Amino acid sequence: MELGDNKAAEVQFSEATSLDCKSWMAIQGLAGCRRLEKRYGEAADLILKAMEVVPATMALATEKLQQDLISIYLAQGGPGLHRAVDLAERACKESPRDSERVVLYIKALYGIRNFDGILAVVRGFLRLEDEFETEDSKSWRLVALFGAIEEMGRGLRATGSIDLVRPLLDRFIKASFDGLDFSTEPWMAMWFVEFLYDFYDDMDEARELCERILDPAFEQNLRVDYKWAYEYPLISCLDHMAKICYLEALSSHENGREVDTWLEKLTGLRELAKDRISVPDSQLLAATAYRTIGGCYENKWRPLLRHEIVTELRSLSQAAEGQGRPWSVEVSHSIGRLGVLLTAAGDPDNAMAADALALDAEPPLQTQAPDTAPQLQVTPFGNSRYICDGICTARNFKYNAVYAELFWCTECLDTCFCGLCHEIVKSGKLPYRRCSPTHRFVRAFPVSLEMKGVAGWAGADVPVEEWRVNSEWVNKLLHEWSCISGCGD
Ligand SMILES: [Zn+2]
Ligand SMILES: [Zn+2]
């Protein structure tokens, strides 16, 4: 089922349930299929049915069914959220030390934006006021809640309580905590970086920990059978470090301090990242920093983007003039990447034109009836570029996947917000480090036909597969970018 063959799995589960209507496992499997099809009401009913027939002695199975039910209600949204909260609260009362239950409760509370509730749950679970509980065990409890790391952090930050957990974090980060050298848990080091970066104003500690992870000694110290686990901390670290250097460069520039150290660091990160990531954030951010800081850097940023932009434009040009199918997934992705690159190049108009075309094609638009407003439906396999970066999205869970509007930031890297989150950003109330209320935004969805017509040929009634990229538009950009010197080809 995880491989996406939902239909085949569904047939098997259905057969199994009809053979033996008491087979709770098959009923649970069928519920999973219904959930993937977004038929949440039916999925919940099936789980309730499975709960009736599962033998009372099977505590683990009952537990798993209960968790499934809460997750289904969470995914359902609307009134389902309150059902999820009630169930999760009850589950936690039964067993308040069970971190998995607490994680689900935090997620449910986050779903209804009850940040005070999250604060109370975290406080209770960490036993912050309990003098008999050791600091070590409190610290480990904090890590146990990282299953809802973003929901927890945002709840604490929104209630002005993020410093509550600071001493517990410090026990790990300052390496004073016995028994933790990250040699068998390198990903944990990165969780701390992400937490520090997202929720604390000061970026120095996140940067210092990043430097520790990027130091060759960190990888060398990993236990042999954990070497593979370095990949995730490394990639995430390269991205976080790039963001930190970029923000430090901008703020140094604003405050009249020297910026070269940060820009050199950014360039160095690009060197480290370029064999691992096709277009690393450090490259895009270095270009953006050189471009926006301006002055003597004017000739430095274009060569940083030229090769990638020309590559995408050439493949689009071939698609526009070729004899084959005019529109394909490759074209859609290529045009999406072009959108990111042109934003970094400070050309939001053409970036928007590219995105307008891609947005209308993928992910699929959901329009229930002819006279209702179009909605953007984010699918699990769709392009992550069109997922809101606001509070409605947390790691591994989307609290809202249907947008009536989508706004692009013209200044941040690959950042967009749904209508509701855009309001939160503009009011400066986003409870984590992302974007800024002073940035300029462009409404990218609903897509205007006029905008779409710039980058492509697509009428209101033309089916997606017949769209064409506008060769005139591509070739004009290609000419502009090919003339820039300072790069290999
Ligand atoms: Zn949102
Ligand atoms: Zn922004």
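**A friendly note on this predicted model**

1. Let us start at the end of a helix: glycine 346 follows H18 and has a positive phi, near 70 degrees. Helices here are DSSP runs of H or I with at least four residues, strands are runs of E with at least two, and both are numbered from the N terminus.

2. A word on the ground rules. This is a predicted model, in which local features need pLDDT of at least 70 and side-chain atom pairs count only at pLDDT 80 or more, while totals for chains, interfaces and linings use all residues. Residues are numbered from 1 along each chain as its sequence is written, and chains are lettered from A and ligands numbered from 1 in the order in which they are written.

3. For the overall picture, the protein has 22 helices and 10 strands. Of its 489 residues, 40% are buried (20 or more other C-beta atoms within 10 Å of a residue's own; exposed means 12 or fewer, partly exposed in between, with C-beta atoms placed from the backbone).

4. Back to H18, which covers residues 329–344. Its 16 residues reach 23 Å from first C-alpha to last, close to the 22 Å expected at 1.5 Å a residue (1.5 Å times one less than the number of residues). Among its buried residues are Val331, Ile335, Leu338 and Leu342.

5. Next, look at H2 (residues 24–36) and H3 (residues 40–53), which pack at an angle of about 170 degrees with axes 8 Å apart. Axes are lines fitted to C-alpha atoms, for helices over the stretch in contact, and angles run from 0 to 180 degrees between N-to-C directions. The two helices are therefore roughly antiparallel (over 145 degrees; under 35 is roughly parallel, 65 to 115 roughly perpendicular, the rest oblique). Trp24, Ile27 and Leu30 of H2 are among the residues making the contact, as are Leu46, Ile47 and Val53 of H3 (C-beta atoms, placed from the backbone, within 7 Å).

6. With 12 other C-beta atoms within 10 Å, valine 53 is exposed. Serine 23 is 30 residues away from valine 53 in sequence, but their C-alpha atoms are 7.7 Å apart.

7. Finally, compare H14 (residues 231–254) and H16 (residues 281–293), which pack at about 10 degrees with axes 9 Å apart. H14 and H16 are therefore roughly parallel. Their contact includes Leu238, Tyr246 and Leu250 of H14 and Leu285, Ala289 and Ile293 of H16.

How values were computed: Two residues are in contact if their C-beta atoms, placed from the backbone, lie within 7 Å.
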